[in-house]
Amino acid sequence: MKASVKVFRILSGLFLLAFSVYALLDTFLIPRVYASVESVAAAAEESCQTQTLSGTVGGSESVPEITETSYSDGSLSVEISSYRVEDTTVYVADILTEEPQALLAAFSQNSYGRNITAVSSETAEQVGAILAVNGDNYGSREKGYVIRNGVLYRETPASDQEDLVIWSDGSFSIIRESEISARELLEQGAWQVFSFGPGLLEEGELLVDAEDEVDRAKASNPRTALGQIGEGHYVLVVSDGRSDESEGLSLYELAQFLQQLGVQTAYNLDGGGSSTMVFLGQVVNQPVGSRGSGQRAVTDIVYV
């Protein structure tokens, strides 16, 4: 009798261990595709490639002007500058556009799901991006709104979650998921909703202080942020960090820097090893995602 009880306990322990291992793998490693978005990606790619090849101004075609740090086609201009802030190199892509829905998003492998990943440069190439940064890495979490290019993919709210809404007219807002549903946002004209955070600036005022930090993140980190200066005027910002050349920024330092650039609304995207900026197929910054060097595979990008 005692022997059978002992065997039962061993088997029960092995079962619980196996279940726990599977749960961890399912959460962090096992890919699960919930929806294919190839048609959305194809439409975005076609639009982007058309603009890249023959920028349109008032119905006429113009040849894009391209340098190592700039792109201009008459309706869209991108200029990349670098700064030194708190012993850290920060890259700023200044974007001027006549298209209110110019800020696009793409899922890795053209699929919405859990742990469906690719490095940012690969996804940027697939959609023909002129400029791209990593997004909010939505697929590493079970909750938090996901609206991409005007399509609602996830409406499960996360507790105390602060989101960035990019509306169909190109304007930015910072909202809390506890105060409005994803469907209401979509009905009101949400074009993109990112759920990482926190918000950094609103109406030019700081939303964070020196004590604020993302859960489990170091105080000084590589960072990715998205901001709006005015109508049709945006910045995508990536800072290096965790290296001898760049210490990294705190959320407060990042927000202060964006405020100095004249940004009115700004939001913190996934950072750390995920932080990557890609311009015309070339990685601009020094990512530290793959064991200290190289890009980390993520679930989404933001691009033009």
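A residue is called buried under 20% relative accessible area, exposed over 50% and partly exposed in between (1.4 Å probe, protein chains only). By this scale Glu162, at 16% relative accessibility, counts as buried. The structure is a predicted model, in which local features need pLDDT of at least 70, side-chain atom pairs count only at pLDDT 80 or more, and totals for chains, interfaces and linings use all residues. Residues are numbered from 1 along each chain as its sequence is written, and side-chain values use heavy atoms, with hydrogens and water left out.

**Salt bridges**

- A salt bridge is a side-chain nitrogen of Lys or Arg within 4 Å of a carboxyl oxygen of Asp or Glu; the count comes to 5 salt bridges.
- Glu162 and Arg176 form one of them, at 3.5 Å from N to O. Glu162 lies in strand S13 and Arg176 in strand S14 (residues 172–176), so this pair ties together parts that are 14 residues apart in sequence. Arg176 is partly exposed, at 34% relative accessibility.
- Salt bridges with shared partners join Asp136, Arg148 and Asp300 into one network.
- Another salt bridge connects the side chains of Arg114 and Glu142 (2.3 Å, N to O). Because Arg114 belongs to strand S9 (residues 111–114) and Glu142 to the loop between strand S10 (131–134) and strand S11 (146–148), the pair ties together parts 28 residues apart in sequence. Arg114 is buried, with a relative accessible area of 11%, whereas Glu142 is partly exposed at 45%.
- Arg183 and Glu155 meet in a salt bridge at 3.0 Å, N to O. This pair links distant parts of the chain, 28 residues apart: helix H4 (residues 182–187) holds Arg183, and the loop between strand S12 (151–154) and strand S13 (162–167) holds Glu155. Arg183 is partly exposed at 46% relative accessibility, and Glu155 is partly exposed at 37%.

**Sheet and helix packing**

- Helices (H or I, at least four residues) and strands (E, at least two) are DSSP runs, numbered from the N terminus; two strands pair if DSSP finds at least two bridges between them.
- An open sheet of 5 strands has the order S8-S23-S10-S21-S22, with antiparallel pairing. Strand S8 (104–107) and strand S22 (282–283) stand at the edges with a single partner strand each, so one side of each has no neighbour in the sheet.
- Strand S21 (residues 277–279) is joined to S22 by 2 bridges, and the two run antiparallel. Phe279 stands opposite Gln282 in S22.
- Helix H3 (residues 120–127) packs on the sheet, touching S8, S10, S21, S22 and strand S23 (300–303); contact means heavy atoms within 4.5 Å.
- The direction of H3 makes about 55° with that of S23, where axes are lines fitted to C-alpha atoms, for helices over the stretch in contact, and angles run from 0 to 180 degrees between N-to-C directions.
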